[in-house]
Structure formats: C-alpha cells, structure tokens
Amino acid sequence: MVLRRGLHGRGFRYALHRRDLPGKPDLVFPRYGAVIFVNGCFWHGHVGCPHFTLPKVNREFWIGKIGRTRERDAEAVAAVTRMGWRVLTVWECTMRGKTALVPALLLDLVAAWLRDGGGNSVISGAVA
Ligand SMILES: [Zn+2]
C-alpha cells in the first residue's frame, strides 16, 4: 500500500495483478515496460533477512514449501523477462518492522528504477 499510494501520488500509473502475465505481478507499468513483484519475506524465503526464520517444527515441510515458492518466483521473473518486461522485486522488509526504509527513500529508489530503464533489480530492507 505504501508503494501503491506513493507511486500513484508521484504520477506513475499502473495495473494491478495482471493475470495474463506469469506470476501475476503486483504492479504493472505498461508505459515503462516494467513490472514489480512485492514478495513477503517469509513465504518467499528472503535469505539472510530477519523476517525469514524457519519454524523449528516441521522444518522439512517448510524448507520444501518455501523452496518451491522460490523456484516459482524465479521462473516467473525469467518468463516475464523473456516477454520483454523489466522486473523489480521489492521485498516486504522494505516496508515492515526495523528493516523498513523511510517511505520516501523506497519511493525514490523505485521511481529511479522505473525512469532509468535499467534491467532487472531487487530492493531489500535495511539489514543491520
Ligand atoms: Zn526481507
């Protein structure tokens, strides 16, 4: 929501969850040839992130489940890229808890990526 409201406020126009694109990107910016996936750090297995710690119980189950999600994510990024889109992955830790970035900084980073036309990129939260 921080991202949606903030980008809209800065004049970026997007579509939400386009079903015709692999992985249903959270935000799609046709004008910039760009899509954004917002990934929850636990479910999508953000390695090295304080928001991603495997539960002690049923460890094998979680490793398998999150591992499959990570594979699907990688496949979706590759597929969308092959279709000619640029892909930005924004981890949830940029917006949550102690790792959250100042919202204006996050918006600056995303806006700069959209405008500069660069290749695929990732934005993570501040890790101590
Ligand atoms: Zn994270």
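**Reading the fold of a predicted model**

Of the 128 residues in the protein chain, 26% count as buried; the model discussed here is a predicted one.

Biologist: Why is Ser-124 called partly exposed?

Modeller: Ser-124 has 18 C-beta neighbours inside 10 Å, and because a buried residue needs 20 or more while an exposed one has 12 or fewer, it falls in between. Ser-124 lies in the segment after β5, which covers 121–123. Leaving aside neighbours within four places in sequence, Ser-124 is in contact with Cys-49, Trp-91, Cys-93 and Thr-94, and its C-alpha atom is separated by 6.3 Å from that of Val-90, although the two residues are 34 residues apart along the chain.

Biologist: How do you know that the radius of gyration of the protein chain agrees with that of a compact globule?

Modeller: For 128 residues a compact globule would have a radius of gyration near 14 Å, and the protein chain has 15 Å, so the two agree. Taken along the principal axes, the C-alpha atoms fill a box of roughly 45 × 30 × 20 Å. Among contacts with a separation of 6 or more, 63% are between residues 24 or more positions apart.

Biologist: What is the order of the elements along the protein chain?

Modeller: The secondary structure comes to 3 helices and 5 strands, and from the N terminus on the elements run α-β-β-β-α-β-α-β.

Biologist: How do you know that the span of helix α2 agrees with its number of residues?

Modeller: Helix α2 has 24 residues, 59–82, and at 1.5 Å a residue these should span 34 Å; the end C-alpha atoms are 34 Å apart, so the span agrees. After α2 comes Gly-84, whose phi is positive, near 100 degrees.

Biologist: Which residues have the most contacts inside the largest nonpolar core, and which elements contribute to it?

Modeller: That core has 24 residues, and those with the most contacts inside it are Val-35, Ile-36, Val-87, Leu-88, Val-90 and Val-110. Two or more residues each come from α1 (2–9), β2 (27–29), β3 (34–39), α2, β4 (86–91) and α3 (103–116), with β3 giving the most, 5 residues. Leaving aside neighbours within four places in sequence, Val-110 is in contact with Leu-3, Leu-7, Leu-88, Val-90 and Ile-123.

Technical notes
Residues are numbered from 1 along each chain as its sequence is written. This is a predicted model: local features need pLDDT of at least 70, side-chain atom pairs count only at pLDDT 80 or more; totals for chains, interfaces and linings use all residues. Helices (H or I, at least four residues) and strands (E, at least two) are DSSP runs, numbered from the N terminus. The expected span of a helix is 1.5 Å times one less than its number of residues. Two residues are in contact if their C-beta atoms, placed from the backbone, lie within 7 Å. The radius of gyration is taken over C-alpha atoms; the globule rule is 2.2 Å times the number of residues to the power 0.38. A nonpolar core is a set of buried Ala, Val, Leu, Ile, Met, Phe, Trp, Tyr and Cys residues joined through C-beta atoms within 7 Å.
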